[in-house]
Amino acid sequence: MTEVTSDAAAIRLRHSPLHERHTALGAKFAPFGGWEMPLEYAGGGVLKEHTAVRTGVGVFDVSHLGKARLTGPGAAAFVNACLTNDLGRIGPGKAQYTLCCDEATGGVVDDIIAYLHADDHVFLIPNAANTAEVVRRLRAAAPTGVVVTDEHESYAVLAVQGPRSAELLGALGLPTEHDYMSFSAGKLAGAELTVCRTGYTGEMGYELVVPAEHAVAVWDALFAEAAAYELRACGLAARDTLRTEMGYPLHGQDLSLEITPVQGRSGWAVGWDKPAFWGRDVLLAEKAAGPRRTLRGLEAVDRAIPRPGMAVYAGDTRIGTVTSGTFSPTKKQGIALALIDTEPKLADGEVLDVDIRGRRAQLRLTRPPFVQPSVR
């Protein structure tokens, strides 16, 4: 780890194994969940990087994401009794979006991708800032024989996203024909890696889980094809605009310990008929009663750009708060996700006000995604 300095205090941040590659590309860095990661690159910037993913192919270093492995007899059944989604719906070689919720409140500790290898082997990718807490909770509940291993720094993760992503990876000899939310083994630059048909952009794409010691070789192999496929290195700022255009939630903003899956419109990732998962009773009660607030989409009527924390009004009554907001490079307008009170009942298309630094701006309620991906 490297000592870096913020305005407030010295903070020790972890570095990706690709940090030197990012520095060579003129990356602007920012802290993400305890890691110093590229925000954007010189010569590109958010708009060009965003467009590359929507029209061609971009690669993100998301090695800050957590990695945890559960092994031993009944490991999959144990995970299924803890996390919200139903692993029984999928088989080995498949991945599933799921949530780790608090037993007492139903709030979201983290959202996670679970990779089912076998009944005795599940690999999890949580968010960087929440990995230690997810691992702690799983270890505390694990039965004898189930081992929970924190592998946060053992692997790098490269997200290759965009309509030409399959073409690029196929040219490098990696598997690309597997279905969405599934994974296959591959080999590139001497490294055994996992090719996951997943991503956070809404476009056709893959995430490569690579042993950390091979990350540079795999990155270099991808960029050896940069000219042929117009590959662009993309920072996490573009990843945020891409996911917001799709209406994908970000933990800590659109989901959190204070925001349940019912409020965050993530009930589709809950196995409601399962006999057990953390937070089941309180979430079933909230679902039956109806939540007091829900996550809604907003599109700017004028040139306003909403940002997290801004108040949402219906007339003079405050009815919500923006949780994610940005300028959409695709739509060329401001877009947002906001937690809106369920009373009064507001229909899509109604115009609300958002307080933007003391000025009221009009935004229209809509249902995400804000942008349809070109390829899925």
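**Burial and source of the model**

I looked up burial first: 56% of the 376 residues in the protein chain are buried, where buried means under 20% relative accessible area, exposed over 50%, and partly exposed in between (1.4 Å probe, protein chains only). The structure is a predicted model, in which local features need pLDDT of at least 70, side-chain atom pairs count only at pLDDT 80 or more, and totals for chains, interfaces and linings use all residues. Residues are numbered from 1 along each chain as its sequence is written, and side-chain values use heavy atoms, with hydrogens and water left out.

**Overall form**

I noted nine helices and 21 strands in the protein chain; helices (H or I, at least four residues) and strands (E, at least two) are DSSP runs, numbered from the N terminus. The radius of gyration is 21 Å, close to the 21 Å that the globule rule gives for 376 residues, so the chain is as compact as a globular protein of that length. That radius is taken over C-alpha atoms, and the globule rule is 2.2 Å times the number of residues to the power 0.38. Along the principal axes, the C-alpha atoms fill a box of roughly 60 × 55 × 45 Å.

I then recorded the accessible surface, about 15,600 Å², of which 51% belongs to carbon and sulfur atoms. Accessible areas come from the Shrake-Rupley method with a 1.4 Å probe; for residues, only the protein chains shown count as cover.

For charges, I found the mean positions of the 38 positive and 44 negative ones to be 4 Å apart. Lys and Arg count as positive and Asp and Glu as negative, with His and the chain ends not counted; the place of a charge is NZ of Lys, CZ of Arg, CG of Asp or CD of Glu.

Of the contacts (heavy atoms within 4.5 Å) between residues at least 6 apart in sequence, 65% join residues at least 24 apart.

**Nonpolar cores**

I searched for nonpolar cores, that is, sets of buried Ala, Val, Leu, Ile, Met, Phe, Trp, Tyr and Cys residues joined through side-chain atoms within 4.5 Å. The largest has 37 residues, and Phe60, Val62, Leu99 and Tyr115 touch the most other members. Two or more residues of this core come from each of strands S4 (35-41), S7 (94-101), S8 (108-118), S9 (121-125) and S11 (155-161), and from each of helices H2 (45-55) and H8 (236-246). A second, separate core of 29 residues includes Val57, Val59, Leu222 and Tyr229.

I listed the contacts of Tyr115, leaving out residues up to four places away in sequence: they include Lys94, Ala95, His121, Phe183, Cys196 and Glu207.

In H2, I found Gly45, Val46, Glu49, His50, Ala52, Val53 and Arg54 buried. Their cover includes S4, strand S5 (57-61), S11, strand S15 (231-234) and H8.

H3 is mostly covered, with six of its eight residues buried. I recorded these as Ala75, Ala76, Phe78, Val79, Asn80 and Cys82. They pack against strand S6 (68-71), S8, S9 and helix H4 (131-141).

**Ile90**

I located Ile90 in the loop between helix H3 (75-82) and S7. It is partly exposed, at 22% relative accessibility. Ile90 touches Ala95, Gln96 and Leu116, not counting residues up to four places away in sequence. Arg197 is 107 residues from Ile90 in sequence and 15 Å from it in space, C-alpha to C-alpha.

**Backbone geometry**

I checked for cis peptide bonds. One joins Glu343 and Pro344, with omega about 5°. Pro344 lies in the loop between strand S19 (333-341) and strand S20 (351-356) and is partly exposed, with a relative accessible area of 41%. Pro344 and Ala314 are 30 residues apart in sequence and 9.2 Å apart in space, C-alpha to C-alpha. A cis peptide bond also joins Pro368 and Pro369, with omega about 10°; Pro369 is in the segment after strand S21 (359-366).

I also looked for positive phi in residues other than glycine. Glu230 has phi near 50°; it is in the loop between helix H7 (226-229) and S15 and is exposed, with a relative accessible area of 62%. Lys332 has phi near 60°; it is in the loop between strand S18 (317-328) and S19 and is exposed at 59% relative accessibility.
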